[in-house]
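Try each task before reading its solution.

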Amino acid sequence: MNKLLQNKNFKLYKLSLVILVFFSAYPLISCSSQTGKEKESDVDFWLSDPANNIFFEQQNKELIFGNNQLENVAIEIDPTQTFQSIDGFGFCLTGGSARLLNEMDTDKRNSILNEMFATNNNNIGTSYLRISIGASDLSDSVFSYNDLLHGQSDVNMEKFSIDVEKVHLIPVLKEILEIFPEMLIMGSPWSPPTWMKTNNNSKGGSLKPEYYDAYALYFVKYIKEMAAEGIRIDAITVQNEPLHPGNNPSLLMLAEDQAEFIKRSLGPLFKKENIDTKIIIYDHNADRPDYPISILDDPEAAQYIDGSAFHLYGGKIETLSEVHEAHPTKNLYFTEQWVGSPGNLKEDILWHTRQLTIGAIRNWCRNMLEWNLAADPKQDPHTPGGCTRCLGAITIDGNQITRNPAYYTIAHAAKFVRPGAIRINSNIPNNLDNVAFQNLDGSIVLIVTNSSKQTQTFDLSIEKKHTSTTLNSGAIGTFILKLKN
């Protein structure tokens with residue numbers, strides 16, 4: 001019996017030892033689990049890789065910065081070398097775009113507007129809009145804010161009215177401003193009222209010098225009446241595409257005429273009326289840098305001018321730097337580029353990102369805007385003689401939305417590069433075109449395209465720290481660097 005009890009006690013003793021050892025080891029096991037936890041990535045990575053059907057998707061790839069030696073060709077980012085401030089990235093909200101949005105069911109419209117203008121979740125954070133002063137060629141009809149019968153005039157703007165915009169454009173703008181109140185808005189006219197023109201027609205013709213003062217007042221009335229609706233116009237361009245009088249509506253305005261209009265009428269009236277809206281010249285293709293340079297060479301006109309605006313239907317994007325070098329205190333803006341219907345996601349996203357998001361910004365532009373926020377499946381509405389192939393950033397078919405190349409191009413920049421960001425220096429190795437920014441909160445954003453024919457592995461390098469990543473041929477990556485002090 002005593003032997004049996006002794007045997008039982010011995011077994012209990014061994015069991016106690018096992019339990020004691022287990023619980024003694026438990027804190028070690030717990031600590032081991034914590035130290036083995038995966039490190040949070042130093043870089044958020046958003047990718048569009050059209051060849052693999054990936055469009056603006058956040059990647060789970062872990063990118064950790066270390067002090068290791070460079071292993072690949074490197075994009076070297078230098079925050080100590082700074083360039084221009086950024087106003088934003090966005091679209092041209094045409095009259096047709098506003099109509100299509102306004103005709104959607106309320107909940108569907110609210111959903112797409114939040115997606116396009118809010119920054120939280122997967123929304124894309126559009127931060128800049130350009131609208132037409134009067135009709136553009138993507139309005140459903142031709143109009144100005146002072147249309148009169150043939151032979152009539154109204155130099156004091158007594159019949160001026162923006163009521164036509166209260167149907168679609170102004171309601172949509174007010175909804176957008178509720179989502180993002182800091183939105184910058186630029187206005188651009190396609191034509192003055194026809195009674196001010198040499199041909200009394202919405203298409204072509206020139207502005208009669210005797211109506212310079214009346215047209216300046218037209219701009220002032222527009223800015224004030226939009227302000228009364230709670231819509232601040234941050235900037236105006238004097239004329240959309242002044243060397244293309246074949247559109248409907250349109251106006252031929254030569255450089256010497258634009259300079260004369262600004263220094264004689266528009267600039268002095270803005271000053272007299274305390275209008276702080278920026279005056280921006282040219283607003284046409286990169287093939288004629290002489291146009292804005294010649295106006296800025298005139299000190300009487302230049303004193304009223306903030307800068308010059310460009311499109312890229314002609315010329316090379318690098319030409320914009322010539323305007324900056326000639327007048328470095330004046331700003332540059334990129335205000336329009338279309339995508340031709342039906343569009344090609346793979347080619348269009350790469351070209352627009354490389355030429356515009358990267359190219360326009362590296363050549364001193366403060367913003368980058370894609371043409372035409374929305375169209376329907378037939379690329380309507382448009383004026384008679386207006387653009388019939390302008391693909392919207394989104395296609396609106398009733399309440400159904402299709403996202404097109406310009407949507408993704410802007411998404412890669414607007415969501416992460418916020419107004420007030422500063423462009424910083426980065427090199428361009430091996431067809432890895434890129435542009436870098438530092439936001440006001442200190443975060444670094446790098447947008448990269450791989451325009452080579454091969455997949456490329458490369459290093460991101462900043463402050464002597466490096467990490468490696470890969471982009472397939474034709475892919476676009478946005479990298480948000482979360483560097484720790």
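A polar contact is a pair of N or O atoms within 3.5 Å; within protein, one must be able to donate a hydrogen and the other to accept it. The model used here is predicted.

**Exercise 1.** Describe the surroundings of Thr237.

Solution. 
- Step 1: Locate the residue. Thr237 lies in strand E7, which covers residues 235-237.
- Step 2: Decide whether Thr237 is buried or exposed. Buried means under 20% relative accessible area. The value for Thr237 is 0%, so Thr237 is buried.
- Step 3: List contacts, leaving aside neighbours within four places in sequence. Among them are Met186, Gly187, Ser188, Phe219 and Asp283.
- Step 4: Look for a polar contact. The side chains of Thr237 and Ser188 make one, at 2.7 Å.

**Exercise 2.** Determine how helix H2 is oriented relative to helix H4.

Solution. 
- Step 1: Take the helices, H2 at residues 95-102 and H4 at residues 169-179. Their axes are 8 Å apart and form an angle of about 75°.
- Step 2: Classify the angle. Values from 65 to 115 degrees count as roughly perpendicular, so H2 is roughly perpendicular to H4.
- Step 3: Name the residues in contact. H2 contributes Ala98, Leu101 and Asn102, while H4 contributes Leu169, Pro171 and Val172.
- Step 4: Sort these residues by type. Five are nonpolar, one is polar and none is charged.

**Exercise 3.** Find which stretch has a pLDDT below 50.

Solution. 
- Step 1: Start with the whole chain. The average pLDDT is 92, and 92% of the residues score at least 70.
- Step 2: Identify the stretch. Residues 1-37 have a pLDDT below 50, and this stretch has zero contacts in the model beyond near neighbours in sequence.
- Step 3: Apply the general rule. Where pLDDT is low, the predicted coordinates should not be read in detail.

Definitions and conventions
Residues numbered from 1 in each chain as written. Predicted model: local features only at pLDDT ≥ 70, side-chain atom pairs only at ≥ 80, totals over all residues. Heavy atoms only, no water. Helix = DSSP H or I, 4+ residues; strand = E, 2+ residues; numbered from the N terminus. Buried < 20%, exposed > 50% of the residue type's maximum accessible area, 1.4 Å probe, protein only. Contact = heavy atoms within 4.5 Å. Axes fitted to C-alpha atoms, helices over the stretch in contact; angles between N-to-C directions. Parallel < 35°, antiparallel > 145°, perpendicular 65-115°, else oblique. Nonpolar A, V, L, I, M, F, W, Y, C, P; charged D, E, K, R; others polar. pLDDT = per-residue confidence, 0-100.
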